[in-house]
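Hi everyone, thanks for making time for this. Please have a look at it first.

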Amino acid sequence: MSGSITDVGGILVGQHHRLDDDATLGSGWATGTTVVLTPPGTVGAVDGRGGAPGTRETDLLDPMNSVRHVDAVVLTGGSAFGLAAADGVMTWLEQQGRGVALDGGVVPIVPGAVIFDLPVGGWGCRPTADFGYTAAAAAGTEVALGTVGAGVGARVGVLKGGVGTASTMLDSGVTVGALVVVNAAGDAVDTATGLPWTAYLTEEFGLRRPPADEIAAYLDRHVEHSPLNTTIAVVATDAALSPAGCRRVALAAHDGLARTLRPSHTPHDGDTVFALATGAIEVAPPPDTPASMTPEMALITSVGAAAADCLARAVLVGVLAAEPVAGIPTYRSLLPGAFG
């Protein structure tokens, strides 16, 4: 079992999308929003590796800045237009009394990032504040996969992308999870083998090399290679980490994208990973930690490595769960022989 980011206690996920049944490429609604809600006191950070990010409130997450806690993270379609979805999440959170408490009320802290999915649906069909509000109100522990939420208009190379999630528990009792919207210009599948780039994921998901004719058909589709790009993700843990520690975890988690998507982190994409730490579990540093080193060093290392592993698995979960939209083929439809 791959698990879910909601295995981290207190983390909830809500999704909302609009998808026309008769949508064709470039015509009709095919976009959505995915929201990760956090328990009070959750520390957040972000690391962007793509050259063309579409983001909101990421400067606030710099460890040198004043606000430590995050109320929600928004992952959404619609390119920069889709950032409007965060307004709806802020409205919903304000109604719950969540946010930075000031004399006149609360100001929810809602960073977010977008994917570029406008060519899949109509260019004018993009998430609004209502998408964010509806997704936040629907948040729970069950996470739908594939062609849902922000993954509705997602692609990965020539295949349909989507939403994926995974989790793991460390020996320390700390849980680490990841949620991703896979929308990469690069491939998640090797054109020479028809299998994921990483052998351990091929084995873990029980895939086998498809027949040669299926691999050839997959390779032939690359004349239609999509300009769509940007994979966005959230990794979360119940460990107690500082904002700087969260930033290191976000940085390390990007390794999961580099393992599973080729190429990634290009000048054309906006690959961005948010990291959240709820602080529910305190882990004492090893007794031999040098006094001149941060006491979080060992914890950051283990959580960061697990976050990368979870994110890599979540990418493949999203690709395998995707359903076709607007004529974009899925891995299951184009390479069925991989499933035996």
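Let's begin with Asp-47, which counts as buried because its relative accessibility is 3%. For the cut-offs, buried means under 20% relative accessible area, exposed means over 50%, and partly exposed is in between, with a 1.4 Å probe and protein chains only. Arg-49, at 37% relative accessibility, counts as partly exposed. The side chains of these two, Asp-47 and Arg-49, meet in a salt bridge at 2.5 Å, N to O. By salt bridge I mean a side-chain nitrogen of Lys or Arg within 4 Å of a carboxyl oxygen of Asp or Glu.

A word on the ground rules. This is a predicted model, in which local features need pLDDT of at least 70 and side-chain atom pairs count only at pLDDT 80 or more, while totals for chains, interfaces and linings use all residues. Residues are numbered from 1 along each chain as its sequence is written, and side-chain values use heavy atoms, with hydrogens and water left out.

How many salt bridges does a search of the whole structure find? The total is six. One of them joins the side chains of Asp-71 and Arg-98, at 2.9 Å from N to O. Asp-71 sits in the loop between β4 and β5, and Arg-98 in the loop between α1 and β6 (100-102), so the pair ties together parts that are 27 residues apart in sequence. Both Asp-71 and Arg-98 are buried. Another salt bridge is formed by Arg-313 with Glu-204, whose closest N and O atoms are 3.2 Å apart. Here Arg-313 belongs to helix α6 and Glu-204 to helix α3 (residues 199-204), so parts that are 109 residues apart in sequence are tied together. Arg-313 counts as buried at 11% relative accessibility, whereas Glu-204 is partly exposed, with a relative accessible area of 42%.

Those element names come from DSSP runs, numbered from the N terminus: helices are H or I with at least four residues, and strands are E with at least two.

Strand β3 and strand β14 (residues 272-281) run antiparallel and are joined by six bridges, and Val-46 stands opposite Phe-274 in β14.

Two helices lie over this sheet. Contact means heavy atoms within 4.5 Å.

Back in β3, we also find Gly-48. Gly-48 and Val-273 are 225 residues apart in sequence, yet 6.3 Å apart in space, C-alpha to C-alpha. Beyond its neighbours within four places in sequence, Gly-48 is in contact with His-254, Asp-271 and Thr-272.

The other open sheet I want to show has five strands in the order β1-β2-β5-β8-β4, again with mixed pairing. Its edges are β1 (12-19) and β4, each with a single partner strand, so one side of each is left without a neighbour in the sheet. β2 and β5 pair in the antiparallel sense over five bridges, and Leu-37 has Ala-72 in β5 as its bridge partner.

Which strands does α1 lie across? They are β2, β4 and β5, and α1 runs at about 150° to β5. Among the buried residues of α1 (residues 85-95) are Met-90, Trp-92 and Leu-93. After α1 comes Gly-97, with a positive phi near 75°. Helix α2, meanwhile, lies across β1 and β2, at about 45° to β2.

That's the tour, so over to you for comments!

Conventions. Two strands pair if DSSP finds at least two bridges between them. Axes are lines fitted to C-alpha atoms, for helices over the stretch in contact, and angles run from 0 to 180 degrees between N-to-C directions.
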